[in-house]
Amino acid sequence: MSKRKRAVFITVWILLMALVLIAAFAVGGGVKHESIQEVVRDAVLHGSNKISLLGIKNVNPAIVSAMTVSGILLVFAAIVRIFIIPRFQVMPGKFQLALEELVRFFDNLAKTNSPHRNSFLGAYIFAAGIYIFIGTLFELFGLQAVTTEGLSVTLPAPLSDINGAIALGCLSYLVILSGGIAGNRLKGVGNTLKDFSLPISMSFRLFGALLSGLLVTELVYYYINLSFVLPVAVGVMFTLLHALIQTYVLTMLTALFYGEVSEPHLKTKVKNK
């Protein structure tokens with residue numbers, strides 16, 4: 001693209017965004033049934049909009065999202081393993097090449113940060129990274145569910161619920177602990193338990209990042225009247241950034257701490273002269 005075309009494109013884009021903002025503040029707003037405090041509180045705690053889980057128990061929408069994302073990933077993995085992987089060729093196609101590059105990325109991440117033990121680590125950070133990325137993008141599909149009060153809500157990202165973020169953070173910590181046990185036995189357990197705040201920091205870092213994007217989108221929807229143009233751009237931008245950043249951050253931290261606690265410590269004997 002030439003400099004002139006790029007300048008024209010940027011100018012048109014700025015004019016369109018300015019037009020959207022002008023229209024947003026010029027159009028009259030609708031009736032708001034909830035205050036902004038109630039909207040934000042429900043986005044964080046999911047206290048009012050519950051969904052019946054097969055008539056057994058009323059749960060947060062994020063739990064339904066987590067089960068849906070997990071089911072989709074498991075079915076997709078089974079299809080790839082049964083029907084696609086046996087047909088891999090020496091000269092890879094586009095899908096095979098993309099899949100191999102994705103696996104190679106997480107495998108290199110595991111080998112770089114944990115050169116001594118990395119087979120299980122590579123598999124775990126691959127699964128965790130895919131779950132975070134797909135789970136974060138899940139909210140972009142806008143799947144609807146009916147609450148116990150008969151209202152329609154959009155299923156959020158699974159990790160935008162504090163319980164989901166804590167579960168993944170604690171699971172990553174247990175994986176790190178297993179690396180310490182496999183590499184250094186009791187000493188590895190001690191090295192891992194010294195970082196007792198690690199699961200808390202990992203959980204709240206993941207939860208805070210995903211929640212910030214959700215709250216920004218909610219605020220844009222609430223305060224800007226033209227809520228069918230600008231919130232889409234804001235939501236997609238924040239969701240894509242958080243999906244990429246949080247996938248890399250959690251997998252990198254897991255691989256880094258796993259490599260530290262699993263690194264073998266050689267005993268050196270000091271000879272008295």
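T147 turns out to be buried, at 6% relative accessibility. In this predicted model, T147 sits in the loop that runs between β3 (144–146) and β4 (152–154). Setting aside residues up to four places away in sequence, T147 touches N49, K50, I51 and V153.

Stepping back to the overall layout, the protein is built from eight helices and four strands. Read from the N terminus, the elements come in the order α-α-β-β-α-α-α-β-β-α-α-α. Of the 273 residues in the protein, 35% are buried. As for contacts with a separation of 6 or more, 70% of them in the protein are between residues 24 or more positions apart.

The largest nonpolar core holds 31 residues, and the ones that touch the most other members are I125, L168 and L250. Two or more residues each come from α3 (61–84), α4 (94–113), α5 (119–137), α6 (162–194), α7 (198–223) and α8 (230–262). The top contributor to this core is α5, which puts in six residues. Once its neighbours within four places in sequence are left aside, L250 is in contact with A128, I132, L168, S172, M202 and L206. One of these partners, L168, is itself listed with L250 among the core residues that touch the most other members.

L250 also shows up in the cavity analysis. The count comes to one cavity of 30 Å³ or more, and the volume of the largest cavity is about 40 Å³. Its lining is made up of M202, R205, L206, Q246, V249, L250 and L253. The elements that supply two or more of these lining residues are α7 and α8, with α8 giving the largest share, four residues. By residue type, the lining of the largest cavity splits into five nonpolar, one polar and one charged. M202 and L206, both part of this lining, are also on the list of residues in contact with L250.

The open space looks rather unlike that in its lining. The second largest pocket has a volume of about 650 Å³. It is lined by 24 residues, and L73, F76, L102, F126 and I130 are the closest to its centre. Elements giving two or more residues to this lining are α3, α4, α5 and α8. F76 and F95 form an edge-to-face pair, with 6.5 Å centre to centre and 80° between the planes. This pair links distant parts of the chain, since F76 is in helix α3 and F95 is in helix α4, 19 residues apart. F76 is partly exposed, with a relative accessible area of 46%, and F95 likewise counts as partly exposed, at 39% relative accessibility.

F106 and F126 make another edge-to-face pair, at 5.7 Å centre to centre and with 85° between the planes. F106 lies in helix α4 and F126 in helix α5, so the pair ties together parts that are 20 residues apart in sequence. On accessibility, F106 is buried, with a relative accessible area of 4%, whereas F126 counts as partly exposed at 26%. Ring pairs also bring in F105, linking F105, F106 and F126 into a cluster.

R185 has a phi near 55°, which is a positive value in a residue other than glycine. R185 lies in helix α6 and is exposed, with a relative accessible area of 60%.

How values were computed:
Residues numbered from 1 in each chain as written. Predicted model: local features only at pLDDT ≥ 70, side-chain atom pairs only at ≥ 80, totals over all residues. Heavy atoms only, no water. Core = buried A, V, L, I, M, F, W, Y, C linked by side-chain atoms within 4.5 Å. Buried < 20%, exposed > 50% of the residue type's maximum accessible area, 1.4 Å probe, protein only. Contact = heavy atoms within 4.5 Å. 1 Å grid on protein atoms, 1.4 Å probe; cavity = no way out; pocket = protein on both sides within 12 Å on 5 of 7 lines; lining within 4 Å. Points joined across faces, edges and corners; volume = space filled by probe spheres on them. Nonpolar A, V, L, I, M, F, W, Y, C, P; charged D, E, K, R; others polar. Phe/Tyr/Trp six-rings, centres within 6.5 Å; stacked < 30°, edge-to-face > 60°.
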